[in-house]
Amino acid sequence: MLVSATEMLQKARDGHYAVGQFNINNLEWTKSVLLTAEETKSPVILGVSEGAGKYMTGFKTVAAMVKAMVDTLGITVPVALHLDHGTYEGSKACLEAGFSSIMFDGSHYPIEENIAKTTELVALAHAQSVSIEAEVGSIGGEEDGVVGMGEVADPAECARIAGLGIDFLAAGIGNIHGKYPANWKGLDFDALAKIHNATGGIPLVLHGGTGIPAGMIQKAISLGVSKINVNTECQLSFAEATRKYIEAGKDLQGKGFDPRKLLAPGAEAIRATVREKIELFGSAGKA
(Lines give C-alpha, C1' and ligand atoms only; values in the text may rest on other atoms or scores of the structure.)
Protein backbone atom coordinates (compact mmCIF):
# COMPACT_ATOMS: atom_id res chain seq x y z
CA MET A 1 0.00 0.00 0.00
CA LEU A 2 1.32 3.42 -0.95
CA VAL A 3 1.14 6.26 1.55
CA SER A 4 1.29 10.03 1.48
CA ALA A 5 4.74 11.39 2.27
CA THR A 6 3.39 13.91 4.78
CA GLU A 7 3.60 11.83 7.96
CA MET A 8 6.99 10.30 7.17
CA LEU A 9 8.49 13.76 6.56
CA GLN A 10 6.95 15.28 9.67
CA LYS A 11 8.49 12.43 11.68
CA ALA A 12 11.82 13.02 9.95
CA ARG A 13 11.70 16.74 10.75
CA ASP A 14 10.90 16.07 14.41
CA GLY A 15 13.47 13.26 14.63
CA HIS A 16 16.23 15.25 12.90
CA TYR A 17 16.85 12.86 10.04
CA ALA A 18 15.86 12.88 6.35
CA VAL A 19 13.95 10.46 4.14
CA GLY A 20 15.58 9.64 0.82
CA GLN A 21 13.79 10.10 -2.46
CA PHE A 22 15.33 7.75 -5.01
CA ASN A 23 14.21 8.25 -8.60
CA ILE A 24 13.21 5.11 -10.48
CA ASN A 25 13.52 4.33 -14.19
CA ASN A 26 12.52 0.70 -14.63
CA LEU A 27 11.48 -2.48 -12.81
CA GLU A 28 15.00 -3.36 -11.64
CA TRP A 29 15.55 0.13 -10.26
CA THR A 30 12.28 0.01 -8.35
CA LYS A 31 12.90 -3.45 -6.93
CA SER A 32 16.39 -2.46 -5.75
CA VAL A 33 15.15 0.61 -3.88
CA LEU A 34 12.21 -1.19 -2.28
CA LEU A 35 14.27 -4.18 -1.11
CA THR A 36 16.95 -1.92 0.38
CA ALA A 37 14.39 0.23 2.18
CA GLU A 38 12.84 -2.92 3.65
CA GLU A 39 16.24 -4.32 4.60
CA THR A 40 17.19 -1.13 6.44
CA LYS A 41 13.68 -0.54 7.84
CA SER A 42 13.62 2.93 6.35
CA PRO A 43 10.66 4.84 4.93
CA VAL A 44 11.28 5.66 1.30
CA ILE A 45 10.01 7.89 -1.50
CA LEU A 46 10.12 6.66 -5.10
CA GLY A 47 10.56 9.65 -7.38
CA VAL A 48 9.33 9.63 -10.97
CA SER A 49 10.19 12.42 -13.39
CA GLU A 50 7.86 13.08 -16.29
CA GLY A 51 10.55 11.80 -18.65
CA ALA A 52 10.89 8.55 -16.71
CA GLY A 53 7.13 8.20 -16.57
CA LYS A 54 6.92 8.52 -20.35
CA TYR A 55 9.76 6.01 -20.76
CA MET A 56 7.85 3.48 -18.63
CA THR A 57 4.78 3.99 -20.90
CA GLY A 58 2.89 6.33 -18.59
CA PHE A 59 2.04 7.16 -15.01
CA LYS A 60 -0.68 4.52 -14.79
CA THR A 61 1.84 1.82 -15.70
CA VAL A 62 4.28 3.11 -13.07
CA ALA A 63 1.63 3.25 -10.33
CA ALA A 64 0.37 -0.25 -11.14
CA MET A 65 3.91 -1.67 -11.17
CA VAL A 66 4.89 -0.09 -7.87
CA LYS A 67 1.68 -1.08 -6.08
CA ALA A 68 2.00 -4.68 -7.27
CA MET A 69 5.68 -4.84 -6.35
CA VAL A 70 5.09 -3.50 -2.83
CA ASP A 71 2.46 -6.19 -2.34
CA THR A 72 4.33 -9.08 -3.95
CA LEU A 73 7.65 -8.35 -2.22
CA GLY A 74 5.93 -8.00 1.14
CA ILE A 75 7.25 -4.49 1.71
CA THR A 76 6.24 -3.28 5.19
CA VAL A 77 7.99 0.10 5.37
CA PRO A 78 6.11 3.27 4.34
CA VAL A 79 6.44 3.89 0.58
CA ALA A 80 5.35 7.04 -1.24
CA LEU A 81 5.18 7.24 -5.03
CA HIS A 82 6.04 10.83 -5.89
CA LEU A 83 6.02 12.90 -9.08
CA ASP A 84 9.33 14.78 -9.32
CA HIS A 85 9.42 18.29 -10.85
CA GLY A 86 5.93 17.94 -12.24
CA THR A 87 4.23 20.33 -14.58
CA TYR A 88 0.70 21.56 -13.89
CA GLU A 89 -0.69 19.01 -16.36
CA GLY A 90 1.62 16.23 -15.16
CA SER A 91 0.55 16.78 -11.56
CA LYS A 92 -3.09 16.29 -12.50
CA ALA A 93 -2.23 13.18 -14.52
CA CYS A 94 -0.43 11.62 -11.54
CA LEU A 95 -3.40 12.30 -9.29
CA GLU A 96 -5.56 10.41 -11.75
CA ALA A 97 -3.01 7.59 -12.06
CA GLY A 98 -2.88 6.81 -8.34
CA PHE A 99 0.36 8.44 -7.16
CA SER A 100 0.40 9.07 -3.41
CA SER A 101 2.47 12.27 -3.62
CA ILE A 102 3.20 14.94 -6.22
CA MET A 103 5.57 17.83 -6.74
CA PHE A 104 4.39 20.82 -8.71
CA ASP A 105 7.40 22.80 -9.87
CA GLY A 106 6.10 26.29 -10.48
CA SER A 107 9.44 27.93 -9.78
CA HIS A 108 9.80 29.14 -13.38
CA TYR A 109 6.50 31.04 -13.22
CA PRO A 110 6.09 34.55 -11.80
CA ILE A 111 5.34 34.18 -8.08
CA GLU A 112 1.63 35.08 -8.45
CA GLU A 113 1.12 32.40 -11.11
CA ASN A 114 3.07 29.88 -9.04
CA ILE A 115 0.75 30.67 -6.11
CA ALA A 116 -2.43 30.37 -8.20
CA LYS A 117 -1.50 27.00 -9.73
CA THR A 118 -0.16 25.64 -6.44
CA THR A 119 -3.36 26.65 -4.64
CA GLU A 120 -5.48 24.70 -7.10
CA LEU A 121 -3.27 21.61 -6.95
CA VAL A 122 -3.17 21.64 -3.14
CA ALA A 123 -6.96 21.38 -3.07
CA LEU A 124 -7.00 18.58 -5.65
CA ALA A 125 -4.22 16.61 -3.94
CA HIS A 126 -5.59 16.90 -0.43
CA ALA A 127 -9.05 15.85 -1.60
CA GLN A 128 -7.40 12.49 -2.42
CA SER A 129 -5.16 12.40 0.70
CA VAL A 130 -2.13 12.92 -1.56
CA SER A 131 0.83 14.96 -0.32
CA ILE A 132 2.14 17.87 -2.37
CA GLU A 133 5.54 19.53 -2.67
CA ALA A 134 6.09 22.96 -4.23
CA GLU A 135 9.23 24.82 -5.25
CA VAL A 136 10.57 28.35 -4.90
CA GLY A 137 13.89 29.35 -6.46
CA SER A 138 14.85 26.94 -9.22
CA ILE A 139 17.40 24.18 -8.63
CA GLY A 140 20.57 24.48 -10.71
CA GLY A 141 21.63 22.13 -13.47
CA GLU A 142 19.46 19.98 -15.72
CA GLU A 143 17.46 16.84 -15.01
CA ASP A 144 15.16 15.24 -17.58
CA GLY A 145 14.87 18.51 -19.47
CA VAL A 146 14.10 20.59 -16.36
CA VAL A 147 16.70 23.37 -16.28
CA GLY A 148 17.41 25.66 -13.35
CA MET A 149 20.01 28.34 -12.84
CA GLY A 150 20.57 27.58 -9.17
CA GLU A 151 18.75 30.53 -7.66
CA VAL A 152 18.65 31.13 -3.93
CA ALA A 153 15.01 31.31 -2.91
CA ASP A 154 13.49 34.42 -1.34
CA PRO A 155 12.35 33.56 2.23
CA ALA A 156 9.33 35.83 1.87
CA GLU A 157 8.20 34.01 -1.28
CA CYS A 158 8.83 30.68 0.46
CA ALA A 159 6.56 31.80 3.29
CA ARG A 160 3.79 32.69 0.83
CA ILE A 161 3.97 29.28 -0.87
CA ALA A 162 4.22 27.42 2.45
CA GLY A 163 1.11 29.23 3.61
CA LEU A 164 -0.95 27.67 0.80
CA GLY A 165 -1.17 24.38 2.67
CA ILE A 166 1.54 22.44 0.86
CA ASP A 167 3.08 19.55 2.80
CA PHE A 168 6.77 20.17 2.08
CA LEU A 169 8.81 22.75 0.22
CA ALA A 170 11.79 22.65 -2.15
CA ALA A 171 13.75 25.89 -1.92
CA GLY A 172 16.86 26.63 -3.93
CA ILE A 173 19.90 27.19 -1.70
CA GLY A 174 22.70 26.79 -4.25
CA ASN A 175 22.08 23.08 -4.87
CA ILE A 176 22.14 21.68 -8.41
CA HIS A 177 21.07 18.60 -10.31
CA GLY A 178 23.74 16.32 -11.69
CA LYS A 179 27.40 16.28 -10.68
CA TYR A 180 28.70 19.29 -8.76
CA PRO A 181 31.52 21.21 -10.50
CA ALA A 182 34.89 21.68 -8.81
CA ASN A 183 34.21 25.39 -8.28
CA TRP A 184 30.81 24.86 -6.57
CA LYS A 185 30.49 27.26 -3.65
CA GLY A 186 28.44 24.92 -1.47
CA LEU A 187 25.01 25.24 0.10
CA ASP A 188 23.87 28.65 1.35
CA PHE A 189 23.10 27.84 4.99
CA ASP A 190 22.26 31.45 5.88
CA ALA A 191 19.49 31.32 3.26
CA LEU A 192 18.37 27.89 4.51
CA ALA A 193 18.10 29.15 8.09
CA LYS A 194 16.05 32.15 6.99
CA ILE A 195 13.75 29.94 4.90
CA HIS A 196 13.34 27.49 7.79
CA ASN A 197 12.35 30.32 10.14
CA ALA A 198 10.08 32.01 7.59
CA THR A 199 8.09 28.88 6.75
CA GLY A 200 7.07 27.86 10.26
CA GLY A 201 9.02 24.61 10.36
CA ILE A 202 7.48 23.00 7.27
CA PRO A 203 9.59 20.01 6.11
CA LEU A 204 12.12 21.25 3.55
CA VAL A 205 13.46 19.35 0.55
CA LEU A 206 17.03 19.25 -0.75
CA HIS A 207 17.18 18.42 -4.45
CA GLY A 208 20.47 17.42 -6.06
CA GLY A 209 21.62 15.19 -3.20
CA THR A 210 24.37 13.54 -5.25
CA GLY A 211 27.86 14.66 -4.30
CA ILE A 212 26.99 16.96 -1.40
CA PRO A 213 29.55 16.36 1.39
CA ALA A 214 28.28 14.49 4.44
CA GLY A 215 28.92 17.46 6.72
CA MET A 216 26.72 19.70 4.58
CA ILE A 217 24.00 17.03 4.53
CA GLN A 218 23.98 16.85 8.33
CA LYS A 219 23.90 20.64 8.69
CA ALA A 220 21.03 20.90 6.21
CA ILE A 221 19.07 18.31 8.19
CA SER A 222 19.64 20.33 11.37
CA LEU A 223 18.04 23.33 9.59
CA GLY A 224 14.82 21.58 8.64
CA VAL A 225 15.68 19.50 5.56
CA SER A 226 13.59 16.34 5.88
CA LYS A 227 13.71 14.93 2.34
CA ILE A 228 16.80 14.54 0.16
CA ASN A 229 16.58 13.59 -3.52
CA VAL A 230 19.12 11.24 -5.08
CA ASN A 231 19.09 10.43 -8.78
CA THR A 232 22.42 11.03 -10.52
CA GLU A 233 24.40 8.85 -8.09
CA CYS A 234 22.11 5.89 -8.76
CA GLN A 235 22.40 6.46 -12.51
CA LEU A 236 26.18 6.56 -12.33
CA SER A 237 26.50 3.46 -10.15
CA PHE A 238 24.10 1.52 -12.40
CA ALA A 239 25.93 2.53 -15.57
CA GLU A 240 29.39 1.79 -14.17
CA ALA A 241 28.46 -1.67 -12.88
CA THR A 242 26.79 -2.56 -16.18
CA ARG A 243 29.78 -1.30 -18.18
CA LYS A 244 32.19 -3.42 -16.15
CA TYR A 245 30.00 -6.49 -16.66
CA ILE A 246 29.92 -6.01 -20.42
CA GLU A 247 33.64 -5.29 -20.68
CA ALA A 248 34.38 -8.45 -18.71
CA GLY A 249 32.84 -10.36 -21.63
CA LYS A 250 30.56 -12.45 -19.48
CA ASP A 251 27.63 -14.44 -20.84
CA LEU A 252 28.71 -14.04 -24.46
CA GLN A 253 28.27 -17.72 -25.29
CA GLY A 254 25.42 -19.15 -27.32
CA LYS A 255 22.43 -16.85 -27.36
CA GLY A 256 24.33 -13.89 -26.00
CA PHE A 257 23.37 -11.71 -23.09
CA ASP A 258 20.63 -12.77 -20.74
CA PRO A 259 18.99 -9.40 -19.92
CA ARG A 260 18.38 -10.52 -16.35
CA LYS A 261 22.08 -11.17 -15.89
CA LEU A 262 23.04 -8.00 -17.73
CA LEU A 263 20.95 -5.81 -15.41
CA ALA A 264 21.81 -7.62 -12.18
CA PRO A 265 25.16 -5.87 -11.47
CA GLY A 266 23.57 -2.45 -11.98
CA ALA A 267 20.68 -3.37 -9.69
CA GLU A 268 23.12 -4.45 -6.97
CA ALA A 269 25.06 -1.21 -7.40
CA ILE A 270 21.87 0.78 -6.88
CA ARG A 271 21.16 -1.20 -3.70
CA ALA A 272 24.61 -0.29 -2.37
CA THR A 273 24.09 3.39 -3.20
CA VAL A 274 20.64 3.51 -1.61
CA ARG A 275 21.91 1.73 1.52
CA GLU A 276 24.76 4.23 1.85
CA LYS A 277 22.41 7.21 1.52
CA ILE A 278 19.86 5.84 3.97
CA GLU A 279 22.61 5.47 6.55
CA LEU A 280 23.89 8.99 5.84
CA PHE A 281 20.43 10.53 6.07
CA GLY A 282 19.75 8.74 9.38
CA SER A 283 16.47 7.13 8.31
CA ALA A 284 17.52 3.50 8.90
CA GLY A 285 15.29 1.89 11.50
CA LYS A 286 12.78 4.76 11.40
CA ALA A 287 9.96 2.95 9.59
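**View 1. Cysteines and the disulfide count.** The count of disulfides (pairs of cysteine sulfur atoms within 2.5 Å) comes to zero. For Cys 234, the closest cysteine sulfur is in Cys 94, 20 Å away, which is too far for a bond. Cys 234 is buried, with a relative accessible area of 0%; Cys 158 is also at 0% and counts as buried. Here buried means under 20% relative accessible area, exposed means over 50%, and partly exposed lies in between, using a 1.4 Å probe and protein chains only. This is a predicted model, in which local features need pLDDT of at least 70 and side-chain atom pairs count only at pLDDT 80 or more, while totals for chains, interfaces and linings use all residues. Residues are numbered from 1 along each chain as its sequence is written, and side-chain values use heavy atoms, with hydrogens and water left out.

**View 2. Lys 117 over two tyrosine rings.** Lys 117 lies over the face of Tyr 109, at 4.9 Å from the ring centre, and over that of Tyr 88, at 5.5 Å. A charge sits over a ring if NZ of Lys or CZ of Arg is within 6 Å of the ring centre and within 35 degrees of the ring normal.
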